[in-house]
Amino acid sequence: MNSKEKVPDNTHNFEQIFALLKERYPDAAPALHFSSPLELLIATILSAQCTDRQVNQVTQSLFKKYRTLEDYASADVSEFGKEIYSTGFYHQKAKHIIESARIMLADFEGKVPDTMEGLLQLPGVGRKTANIVLSRAFGKIEGIAVDTHVKRLSNRLGFTQNEEPEKIEKDLMKIAKREDLETLSMTLILHGRNVCIARNPKCSECVVKELCPSSRE
């Protein structure tokens with residue numbers, strides 16, 4: 001299908017597609033390494049426009065040096081930026097992390113917020129990051145993390161015709177069970193990395209090609 005053509009609604013095939021993808025990726029799990037809500041928040045902020053593998057390499061030493069909110073809040077932006085340089089957009093990420101630490105100390109009793117409303121008050125934290133922290137750190141499923149892979153696959157598979165992450169999130173929440181949202185996100189991400197890549201998707205290798213309205217096979 002031409003990328004400019006409108007993909008028809010395919011939500012009626014959602015359950016079958018999701019079942020096939022879960023069989024293909026039975027161990028869909030977060031790749032970021034963390035041992036606390038704070039570490040997960042930091043790692044997720046760093047993961048923007050960066051691979052989980054690279055973030056894990058950086059946080060291996062970062063988490064040994066910065067152990068508390070106070071450590072981050074008192075960090076020098078320039079020095080901290082150098083330590084996270086390889087994750088990209090390091091200056092902005094450094095500012096966001098340090099400012100977020102200060103806000104959590106001042107307004108959240110020195111803790112990572114465990115609500116969507118609270119997390120969205122932190123610089124550099126959007127719904128995607130907030131959903132990840134809520135589900136993986138606190139076991140709260142408020143929505144689904146929509147990254148570039150989830151956005152691309154949701155459109156190609158005909159689960160949404162929206163382009164904005166928040167609208168895509170709402171569309172996916174209409175067709176998926178709430179308890180499946182995190183698994184759905186990770187499953188779509190893995191399929192997007194391995195098969196349904198941005199350019200020249202490997203449709204011949206796709207387990208849902210018979211049900212995909214965008215399949216080139």
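I'm counting helices (H or I, at least four residues) and strands (E, at least two) as DSSP runs, numbered from the N terminus. On that basis I find eleven helices and zero strands in the protein chain. Read from the N terminus on, the elements go α-α-α-α-α-α-α-α-α-α-α.

A note on what I'm looking at: this is a predicted model, where local features need pLDDT of at least 70, side-chain atom pairs count only at pLDDT 80 or more, and totals for chains, interfaces and linings use all residues. Residues are numbered from 1 along each chain as its sequence is written, and side-chain values use heavy atoms, with hydrogens and water left out.

Next, overall shape. I looked up the box around the C-alpha atoms, and it is roughly 55 × 30 × 30 Å along the principal axes. Buried residues (under 20% relative accessible area, 1.4 Å probe, protein chains only) make up 47% of the 217 residues.

Then I went to the second largest pocket. I take a pocket as an open set of points on a 1 Å grid over the protein atoms alone, where a 1.4 Å probe fits, with protein on both sides within 12 Å along at least five of seven lines; lining residues have an atom within 4 Å of a point. This one holds about 460 Å³ of space. It has 20 lining residues, and Ser 47, Cys 50, Lys 128, Asp 147 and Arg 193 are the closest to its centre.

Which helix gives the largest share of the lining? I see helix 11, with four residues. Helix 8 (127-138), helix 9 (148-156) and helix 11 (181-194) each supply at least two.

Terms used. Grid points are joined across faces, edges and corners, and a volume is the space filled by probe spheres set on the points. Buried means under 20% relative accessible area, exposed over 50%, partly exposed in between (1.4 Å probe, protein chains only).
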